[in-house]
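Thanks for coming. I have one structure to go through today, so please have the sequence and the model up on the screen while I talk.

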Amino acid sequence: MHFSLSAKAYAKIVLHCCKYPHRSVNGVVVGAVSTKKDQGVQIQDAIPLFHSNLALAPMLEVALSQVETYVSMKGLSIVGYYQAGETVSSDNVAPDDTARCIASKVAENIEKPCLLMVNNAKLLEDHVALKLFTKVESEDHQWREANPKDLSLTGESQALHAAQRAVKSRLYEHLVDFDNHLDNIQLDWTNTDINKAIDNTNSALME
């Protein structure tokens with residue numbers, strides 16, 4: 001199964017990591033499974049969730065419920081989970097118990113789920129700083145590393161530059177994750193303005 005990641009989804013994962021460089025962060029990715037043969041899963045957006053207690057079950061349930069309602073109105077669904085460790089220079093991207101457990105929870109109602117682990121050491125390099133893991137069927141909390149070719153970033157060169165521009169412009173300061181929203185419900189966890197800014201940057205780079 002192939003997973004293609006949009007520039008917007010990738011940039012928001014990077015921004016989430018940059019906003020909290022000394023903390024673990026997590027979120028979900030949303031998109032759609034193609035109805036065409038061999039077209040795989042298109043990941044269209046990323047929804048940042050937490051930067052404090054990643055595994056706090058009650059808050060996770062609330063967040064997932066709200067995200068599912070929001071994306072379903074757009075004709076999309078949750079297709080996977082992402083997580084980054086708390087060490088900025090770490091390139092150890094093997095999923096820990098927290099990642100495996102939450103990813104398995106997220107995957108309960110997903111036909112072809114993915115787990116994306118962030119390689120913090122490569123975040124601002126000209127390489128996709130993600131490693132893909134897929135669910136082992138009939139095994140609880142078991143995920144295996146996928147072939148790197150099974151994950152691609154749409155318009156990779158432009159998308160990487162768009163993410164780098166977003167970081168250089170300190171766009172991460174305005175990113176809202178679900179933790180922020182719980183502290184102040186006036187904050188927009190859907191990140192409407194961030195989405196527009198990333199889309200505009202990516203469009204400009206493609207011209």
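Glu-145 counts as partly exposed, because its relative accessibility is 47%. This is a predicted model, so please keep that in mind throughout. Glu-145 makes a salt bridge with Lys-131, and the closest N and O atoms are 3.6 Å apart. The two residues come from distant parts of the chain: Glu-145 sits in strand S7 and Lys-131 in strand S6, 14 residues apart. Is Lys-131 buried or partly exposed? With a relative accessibility of 31%, Lys-131 counts as partly exposed.

Next, Glu-173 and Arg-170. Their side chains meet in a salt bridge, 2.6 Å from N to O. Glu-173 has a relative accessibility of 41% and so counts as partly exposed. Arg-170, at 45%, also falls in the partly exposed class. Elsewhere, salt bridges with shared partners tie Glu-61, Lys-105 and Glu-108 into one network.

How many salt bridges does a search of the whole structure find? The search returns 6. One of them is between Lys-12 and Asp-45, with 2.9 Å between the closest N and O atoms. That pair also links distant parts of the chain, since Lys-12 belongs to helix H1, residues 7–19, and Asp-45 to strand S3, residues 41–50, which puts them 33 residues apart. Both Lys-12 and Asp-45 are buried.

On to helix H3, which covers 97–106. Which residues in H3 are buried? They are Ala-99, Ile-102, Ala-103, Ser-104 and Val-106. As a reminder, an α-helix has 3.6 residues a turn, so residues three or four places apart point the same way. The buried residues of H3 pack against H2 and against several strands, namely S2, S4, S5, S6 and S7.

H3 also takes part in the largest pocket. Helix H2 (57–72), strand S4 (77–84) and H3 each give at least two residues to the lining of that pocket. H2 gives the most, with 5 residues. The volume of the largest pocket is about 260 Å³. Its lining has 15 residues, and those nearest the centre are Glu-68, Ile-78, Val-106, Asn-109 and Ile-110. Val-106 is one of the buried residues of H3.

Rolling a probe the size of a water molecule over the atoms shows where empty space is left. How many cavities of 30 Å³ or more does the structure hold? It holds 1. The largest cavity has a volume of about 30 Å³. Its lining is made by Tyr-10, Val-14, Leu-123, Leu-124, Glu-125, Leu-160, Ala-163 and Gln-164. H1 and helix H4 (156–168) are the elements that supply two or more of these residues. H4 has the largest share, 3 residues. By class, the cavity lining divides into 6 nonpolar residues, 1 polar and 1 charged.

That is what I have, and I can go back to any of these sites on the screen.

Technical notes. Residues are numbered from 1 along each chain as its sequence is written. This is a predicted model: local features need pLDDT of at least 70, side-chain atom pairs count only at pLDDT 80 or more; totals for chains, interfaces and linings use all residues. Side-chain values use heavy atoms; hydrogens and water are left out. On a 1 Å grid over the protein atoms alone, a cavity is a set of points where a 1.4 Å probe fits but cannot get out, and a pocket is an open set with protein on both sides within 12 Å along at least five of seven lines; lining residues have an atom within 4 Å of a point. Grid points are joined across faces, edges and corners, and a volume is the space filled by probe spheres set on the points. Helices (H or I, at least four residues) and strands (E, at least two) are DSSP runs, numbered from the N terminus. Buried means under 20% relative accessible area, exposed over 50%, partly exposed in between (1.4 Å probe, protein chains only). Contact means heavy atoms within 4.5 Å. A salt bridge is a side-chain nitrogen of Lys or Arg within 4 Å of a carboxyl oxygen of Asp or Glu. Ala, Val, Leu, Ile, Met, Phe, Trp, Tyr, Cys and Pro count as nonpolar, Asp, Glu, Lys and Arg as charged, and the others, Gly among them, as polar.
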